[in-house]
Number of protein chains: 2
Amino acid sequence: MDSFEFRETGAPTPRFGELLVRVHYLSVDPYMRGRMRDAESYAEPWDVGDPMRAGIVGEVLESNHDDFEAGDIVTGDGLWAEHAVVDGDEFRTINPDLAPVSTALGVLGMPGITAYYGVNDIIAPDPGDTVVISAAAGAVGSVAGQLAQLAGARVVGTAGSDTKCDWLTDDLGFEAAINYKTTDDLGAAMREACPDGVDGYFDNVGGPITDAVWPLLNVRASVGVCGQIALYNATEVPTGPRKLAQLIQTRATVEGLLVSDFPQEEWGTAIKRMGGFIAEGDLEYRENVVEGIENAPDAFLGLFEGENIGKQLVQVREA
Amino acid sequence: MDSFEFRETGAPTPRFGELLVRVHYLSVDPYMRGRMRDAESYAEPWDVGDPMRAGIVGEVLESNHDDFEAGDIVTGDGLWAEHAVVDGDEFRTINPDLAPVSTALGVLGMPGITAYYGVNDIIAPDPGDTVVISAAAGAVGSVAGQLAQLAGARVVGTAGSDTKCDWLTDDLGFEAAINYKTTDDLGAAMREACPDGVDGYFDNVGGPITDAVWPLLNVRASVGVCGQIALYNATEVPTGPRKLAQLIQTRATVEGLLVSDFPQEEWGTAIKRMGGFIAEGDLEYRENVVEGIENAPDAFLGLFEGENIGKQLVQVREA
């Protein structure tokens with residue numbers, strides 16, 4: 001908490017092409033931890049003192065962009081703020097009649113698309129395949145597991161509480177769920193849950209969970225590395241068993257996955273398909289909503305404690 | 001050496017479809033170490049007390065197979081033996097006028113095909129790409145590096161002696177070669193040799209060399225894991241820096257590579273193309289030949305000390 005500061009500033013004014021948005025929901029996501037590090041990555045690091053950038057859903061108060069008018073509900077990358085001036089070209093309107101607008105930050109937004117891209121393009125499970133999902137009760141994992149099931153896979157998840165595991169097996173229909181916090185021997189638990197080995201692994205976590213999955217990889221297995229949240233707060237270089245020799249035996253493919261590589265023109269199709277799955281009851285989602293922008297830092301830090309089930313959001317109260 | 005035993009047995013007799021071959025050359029290869037371990041892998045482990053299997057080149061003394069006659073020079077998988085009875089279906093004749101017959105175990109055999117497959121199908125370098133090859137002076141690496149150069153890549157190799165490094169840069173035209181045994185800071189040496197990062201990495205070694213390459217991987221880099229010789233004699237699970245997070249930033253792909261996955265019907269094309277490169281002076285090779293089957297164990301163990309330049313062979317003397 002000492003790392004965050006709440007600042008009062010004057011209301012900003014939109015210039016040509018910009019929108020003034022009153023923020024209803026803002027997102028907290030694990031990837032933000034990477035932007036807060038002064039190291040080379042796929043995006044520029046954020047500077048200390050800059051506001052936290054985040055996906056937001058909000059209402060247009062003032063538009064200087066032809067595609068939008070006051071009252072539109074929009075989403076895109078904004079700030080942890082009550083009001084934000086944003087580039088209209090980077091925003092899109094959402095239809096509040098289709099689904100709760102908050103889903104634009106979760107199942108029908110970046111995390112859901114990440115899951116869609118990873119499962120369909122990287123893991124690409126065949127019917128009967130065993131697919132393991134780490135952080136399976138999270139915003140990305142819970143969608144990924146269900147999409148893998150819709151493709152006919154037998155899905156095993158890991159999560160950090162019995163409540164989460166029960167949700168995965170009882171509500172989402174996962175074949176098995178492993179509570180990594182209470183399981184002494186992750187390797188044995190994973191072997192038991194995956195008697196036919198692992199054909200696909202959608203990894204959001206890394207570390208010891210990945211160590212447990214690795215020896216079970218089948219020939220031509222696919223690993224999509226989406227996140228490594230277990231390591232993001234490491235203060236020294238994390239070490240673990242060397243893994244590459246196993247790839248020779250299995251000719252498995254390991255691929256990094258970043259949602260921004262999923263072509264923009266396919267996002268609409270993905271959102272439409274997943275909206276259809278939700279409407280048909282084939283895709284469930286949960287949101288964990290805290291109230292008040294002043295609670296955003298706690299909500300963010302809670303991600304690393306595994307406090308959320310499904311998508312973690314912050315609802316910003318009307319001033 | 002205590003692990004090997006030389007046995008005198010009666011001359012075996014070929015049955016229907018089999019050949020009796022007098023062995024001229026037998027191969028020692030790092031992969032054999034994996035077969036000598038009682039662990040699940042892509043092939044069955046060998047039993048203690050069984051003869052060492054190996055690629056051989058030899059002369060047919062007696063044929064019970066329609067495709068062969070006495071006097072043919074043949075190659076295929078045989079044994080560390082002076083005479084071997086083999087399945088004719090698994091053997092092919094070689095033309096001694098095209099190239100020295102020993103090359104059927106090296107540049108125009110399994111190691112060369114491994115390099116060909118890895119460079120063309122897994123690394124697939126574009127002109128101007130930087131490609132790193134570990135064990136670059138070995139049977140696979142030296143061919144892989146030259147094939148990558150023929151594809152237009154800028155190639156950097158690692159090897160274990162100044163003599164090897166000089167061969168790579170002075171004779172084979174590598175951009176740089178790093179002697180990993182005398183370099184204090186492999187990471188710094190690799191950074192210096194690869195100022196534009198690494199687009200392709202053909203890994204025969206693993207361990208600290210791979211640790212040095214990893215932070216330099218560029219976006220969409222390709223890693224082919226062909227061998228991990230640095231780890232094959234490990235008595236405990238080798239550990240090292242965790243590497244998967246880097247794949248998210250780079251969306252690099254890491255793939256295990258096994259020559260047996262390269263379609264049999266394409267081997268002939270690959271051999272013909274590489275034979276053409278040799279004839280045109282675009283592909284150099286070296287062979288390290290020891291005499292006498294009794295020296296095969298030492299030659300094999302020497303692989304793990306990096307004693308060979310190019311392909312390590314054992315020439316079997318006429319009894």
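User: Which residue of chain A comes closest to the rotation axis?
Analyst: A:Val254 does, with its C-alpha at 2.5 Å from the rotation axis. Keep in mind that this is a predicted model: local features need pLDDT of at least 70, side-chain atom pairs count only at pLDDT 80 or more, and totals for chains, interfaces and linings use all residues. Residues are numbered from 1 along each chain as its sequence is written, and chains are lettered from A and ligands numbered from 1 in the order in which they are written.

User: What rotation superposes chain A on chain B?
Analyst: A rotation of 180 degrees, with 0.0 Å of shift along its axis. The RMSD is 0.1 Å. That is the relation of a two-fold axis. Copies are superposed by least squares on the C-alpha atoms of residues with pLDDT of at least 70 in both.

User: How many residues of chain A are in contact with chain B?
Analyst: 29 residues of chain A are in contact with 29 residues of chain B. Contact means that the C-beta atoms of two residues, placed from the backbone, lie within 7 Å.

User: Which elements of chain A give two or more residues to that side?
Analyst: Strand 11 (239-241), helix 7 (244-250) and strand 12 (253-256) of chain A. Helix 7 of chain A gives the most, with six residues. Helices (H or I, at least four residues) and strands (E, at least two) are DSSP runs, numbered from the N terminus.

User: How do the residues of that side divide into nonpolar, polar and charged?
Analyst: The side of chain A that touches chain B has 14 nonpolar, ten polar and five charged residues. Ala, Val, Leu, Ile, Met, Phe, Trp, Tyr, Cys and Pro count as nonpolar, Asp, Glu, Lys and Arg as charged, and the others, Gly among them, as polar.

User: What percentage of the interface residues of chain A are also interface residues in chain B?
Analyst: 100%, so the copies meet through the same surface.

User: How many bridges join strand 11 of chain A to strand 11 of chain B?
Analyst: Three, and the two strands run antiparallel. A:Thr239 has B:Pro241 as its bridge partner in strand 11 of chain B. Two strands pair if DSSP finds at least two bridges between them.

User: What is the strand order in the open sheet of twelve strands?
Analyst: The order is 8(A)-7(A)-6(A)-9(A)-10(A)-12(A)-12(B)-10(B)-9(B)-6(B)-7(B)-8(B), and the pairing is mixed. Strand 8 (176-179) of chain A and strand 8 (176-179) of chain B are the edge strands, each pairing on one side only. From one strand to the next, the twist averages 15 degrees.

User: In which sense do strands 7 and 8 of chain B pair?
Analyst: Strand 7 (residues 154-159) of chain B and strand 8 of chain B pair in the parallel sense, over four bridges. B:Ala159 stands opposite B:Asn179 in strand 8 of chain B.

User: Which strands of the sheet does helix 2 of chain B touch?
Analyst: Strand 6 (130-133), strand 9 (198-203), strand 10 (217-225) and strand 12 (253-256) of chain B. The direction of helix 2 of chain B makes about 145 degrees with that of strand 10 of chain B. Axes are lines fitted to C-alpha atoms, for helices over the stretch in contact, and angles run from 0 to 180 degrees between N-to-C directions.

User: At what angle do helix 2 and helix 8 of chain A pack?
Analyst: Helix 2 (residues 110-123) and helix 8 (residues 264-279) of chain A pack at about 95 degrees, with their axes 10 Å apart. The two helices of chain A are therefore roughly perpendicular to each other. Angles under 35 degrees count as roughly parallel, over 145 as roughly antiparallel, 65 to 115 as roughly perpendicular and the rest as oblique.

User: Which residues make the contact?
Analyst: A:Gly112, A:Ile113 and A:Tyr116 come from helix 2 of chain A, and A:Trp267, A:Ala270 and A:Met274 from helix 8 of chain A. Five are nonpolar, one is polar and none is charged.

User: Switching topic. What does the domain assignment of chain A give?
Analyst: Domain 1 (18-106 + 287-315) and domain 2 (111-260). Domain bounds come from an automatic or database domain assignment. The C-alpha centres of the two domains of chain A lie 27 Å apart.

User: How many residues of domain 1 are in contact with domain 2 in chain A?
Analyst: Twelve residues of domain 1 are in contact with 14 residues of domain 2. Helix 1 (31-35) and strand 14 (311-315) of chain A each supply at least two residues of the domain 1 side. That side has four nonpolar, six polar and two charged residues.
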